[in-house]
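Here is a short tour to keep beside you while you look through the sequence and the 3D view. Take the points in any order you like.

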Amino acid sequence: MPEYYNAFISYGRADSKSFATKLYEKLTENGLKIWFDQNDIPLEVDFQNQIDDRIAKADNFLFIITPHSVNYHYCLKEINHAIKYNKRIIPLLHVEQITYEIWQQRNPQCTLEQWEIYRQQGKHSCFPNMHPEIGRINWIYFRENIDDFDKSLTDLIELFNRHQDYVKQHTNILVKALDWKKNQKQTRYLLISQERQAAAQWLKTKFAEEQPPCIPTDLHCEFICESEKNANNLMTQVFLTFAEADKNMMEQIRKSLIREGITVWSYNTDIQTRKNFQQEIRRGIAGADNVIYLLSPEAIKSEYCQQELTYTLSMNKRIISLLISPTDVTQISSKINNLQFIDLTKSESQGIDKLIKELKQEAVYYQQHKILLVKALKWVEQNRNLNILLRGYNLEKYQSWLELARSRAVNLATDLQIEFIAESAKQPPNLALDVFVSYSRADADFARRLNDALQTYGKTTCFDQESIATGTDFQQEIYRGIEKSDNFLFIISPESVNSPYCADEVEYAKSLNKRFITVLHRKVNTAELHPELAKVQWLDFNRYGGDFYANFSELVRTLDTDRKYVREHTKISQKALEWEKNGKNVDLLLQGKEAVKAYEWLRAAEQKGKKPLLSGLLKEYILTTKVELELKNKEFVLQELELQQKRAKLILFAFLLFMTGFFILLYVQANSQSEEYPVTPSESNSR
C-alpha cells in the first residue's frame, strides 16, 4: 500500500530551516503525517523523483513564503508539480524580505554593489518574483515576532480538516491514476467495485457555495471514466463522430464531458490494435447511449461520418449535433437536417452546458435502449444463444421499457430488440442451471462481467441482478436458485467473506452438498474464509497479469469437469427437496426405471468417491425409493399369486359348472328321447 501524507512542506533553507523544522514537529505532535525533506529523503535515491512522488502522495502542499523559497529553482519545481497535480496549496508567509545585514552574513565575500543587483532583481523580497498561483491564494501568516504562531497553527490544522475527505480522495485517486499511466494504462490498474463507485461520486461533487479545495486533473477524470467504462463492458454514454480535421476540438469536448463523469467512446482512444476498424466503430455506436456529431464543413464531406450516422439511425439512437465551426446548413445530410443542433461557435462553455443538460434528459431510457440493443446483438452473434435471452427481473424490466418505447415518436425500439424480448418471453424457466453466482455488492462489476462471459460461453446462470423478478420473496428466490444450480460459484473478496448474506448462501449450498467453485477476485485474510470455502482451491483471477479471459478459461474447464454427474446430483436433489417439503409423500418418490437408475447412480457415486458428496436427504430419498420399489414388487408378486389362485378357482369352478351342465344336458337329452318313442302295452304283450 502507498504511504500517504497529510502535507508536504516546501521551503527555502536559507530563510526557513528552523521554522520549517518547528512547524514539522508541531504538526507531527498533533497526529499528522508530514513529509519534510530534512528527515524524509533516504540516502542513494533520486532526489527529484522522491520529491515528485511525495507531492503526489500528500493531501496538502505547504509552501513557506520567504525571499529564498520564492526565488529558489527547486522550490519552483515543487510548486509546478503541485499545480500540475491540482493539489490544495496552502501558502504560509514567514519572511517578507531580508535586510542587507542578513544577506551579508550569508554572503560575507559579496560587495554592496552585488547587493544592489540582488535587490534590483527582487531577490531580497518575497513579492516581486512570486509565482502567480501562490499570489492569488489566501495565506496563513507565520511572520516572526509579528504573528501568533500557535493561533496560526490552529488555523492551519482547521484548514486541513476542511473538506478533508474530498482532498484525501483527490490524493488517493491521483496516485492510482499515475500508477495506471506508468503501466501503459492497462485495465488491471483501473478502479473496481466500491472504490470505483466512490471515485465516480467524488468526480461529480460540486461546490456551489464556495471554492473547491482542489479540482480533479484531466488524469483523474480520464482514469475514473475509463474505470466506469471497463465496469460496463466498454459501453459508454457518448460516442463521438467527427472529421479528422476536427480532432483538436473533439479532444476539448471529450475532456469537458469526462470532467462531468460522462464516459466517452472515440476511435483514437478505444480501438485496440489488430481489431477490425469498422466492426469496432459499430460496436462503439451500439454500446453508447448517445451519438454526438461534431458538425463542420469537413464533417459533412467525411465519408466516415456519414457511414457512422447511417448506422446510428438504423439503431434508432439519439443523435445530438454540435456546430463547432461555421457551416452551410443546407449541405447537412437529409437524414439529420431535421435535428436541432447546439451552437458552440458563439460560446463554447455555454454550448457544453447545453450539451450536458441534453444528455441528462431521459438518460435512463437511452441507457436501457443501449443495454438491450447490445444484448440483442450479442444474441445474434452467438447464433441466437438461448443463455443470453432475458429472464426474471431483466425480462420484466425490458418488457416495461418496450411498452414505453412504443408510446414514443422518436428513438423507438428496433425490430431486433422487439424480437429479442419476444423470444425471451417464450422460454420456459430452466429446471436446472449450470451456475449460481454468490458475491458481495462491492464486487458487482466483476460479478456482472463474469456472468456475461458465462452466458456467452453457453452456461445458464442464476445471477440475482437479472434472475429475480420484482414482487417476489428475495430470500426464497435465492434458495431456489441455489437448489436448481449444479455449481455454487463464490467470488472471494474482503467484503464477500465478511458478508452475512453471502455466509447464509454458503450455508444453504453446504446443506445441499453443492459443488463449490471459488474465484479469488481480491486478496483476503484466509483465516476469515468460511470453512466450506477454505476446503476448495480457489481460481485466482489475478494470475496471468489479471488477464480476465486467460483465467476464465480455467474456470470453464473446472465447470465442465464431471458435468454429467453434477447435473444428475442437482436433478435428484431437487426431487428430494420437493419430497421433504411435502411431508415425504410416497407419491413423489421415483418410479420404475428412473428409481433403478437412481440407485445405480448412488452406488457408483459412493464407490468412486464422487464429489460433490451426496447429502443425507438425497441418500434417504433414493434408498426410500428403493425400499418402496421393493415393497411394491413384493406386493405385486403376492397380488399376482392371489390373482392366479383366484383365476384357478374360477377356472375350476367354471369347469365344474361346465361339467355339471354337460351331464344335465345329457340327462335331459336321454329323457327327451324316451318320451319321443314310448312303448305301448300291446307291444309289450306281443313281445
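Asp37 is buried, since its relative accessible area is 13% and the cut-off for buried is under 20%. Please keep in mind that this is a predicted model.

**Around Asp37**
- Asp37 belongs to helix H2, which covers residues 37–40.
- Leaving aside residues up to four places away in sequence, Asp37 touches Tyr11, Arg13, Phe47 and Ile51.
- One of these, Phe47, is 10 residues from Asp37 along the chain, and the two C-alpha atoms are separated by 9.5 Å.

**The five-stranded sheet**
- Five strands form an open sheet in the order S12-S11-S13-S14-S15, and the pairing is parallel.
- The edges are taken by S12 (461–462) and S15 (539–540); each has a single partner strand, so one side of each has no neighbour in the sheet.
- Within the sheet, S13 (residues 485–492) and S14 (residues 515–520) run parallel and are joined by six bridges.
- Helix H24 (residues 474–484) lies across S11, S12 and S13, at about 115° to S13.

**H22 with H28**
- The axes of H22 (residues 444–457) and H28 (residues 548–560) come within 11 Å and cross at roughly 60°.
- The two helices are therefore oblique to each other, and their crossing is right-handed.
- On the H22 side, the contact involves Phe446, Arg449, Leu450, Ala453, Leu454 and Tyr457.
- H28 meets them with Phe548, Tyr549, Phe552, Leu555, Val556, Leu559 and Asp560.
- Sorted by class, this contact has 11 nonpolar, no polar and two charged residues.

**H11 with H12**
- H11 (residues 193–203) and H12 (residues 218–231) pack at an angle of about 135°, and their axes are 10 Å apart.
- That angle makes H11 oblique to H12, and the crossing is left-handed.
- H11 contributes Arg196, Ala199, Ala200, Trp202 and Leu203 to the contact.
- From H12 come His220, Cys221, Ile224, Cys225, Ser227, Glu228 and Ala231.
- By class, the contact between H11 and H12 has eight nonpolar, two polar and two charged residues.

Methods
Residues numbered from 1 in each chain as written. Predicted model: local features only at pLDDT ≥ 70, side-chain atom pairs only at ≥ 80, totals over all residues. Heavy atoms only, no water. Axes fitted to C-alpha atoms, helices over the stretch in contact; angles between N-to-C directions. Helix = DSSP H or I, 4+ residues; strand = E, 2+ residues; numbered from the N terminus. Parallel < 35°, antiparallel > 145°, perpendicular 65-115°, else oblique. Left-handed = near helix turned anticlockwise from the far one by under 90°. Contact = heavy atoms within 4.5 Å. Nonpolar A, V, L, I, M, F, W, Y, C, P; charged D, E, K, R; others polar. Pairing = 2+ DSSP bridges. Buried < 20%, exposed > 50% of the residue type's maximum accessible area, 1.4 Å probe, protein only.
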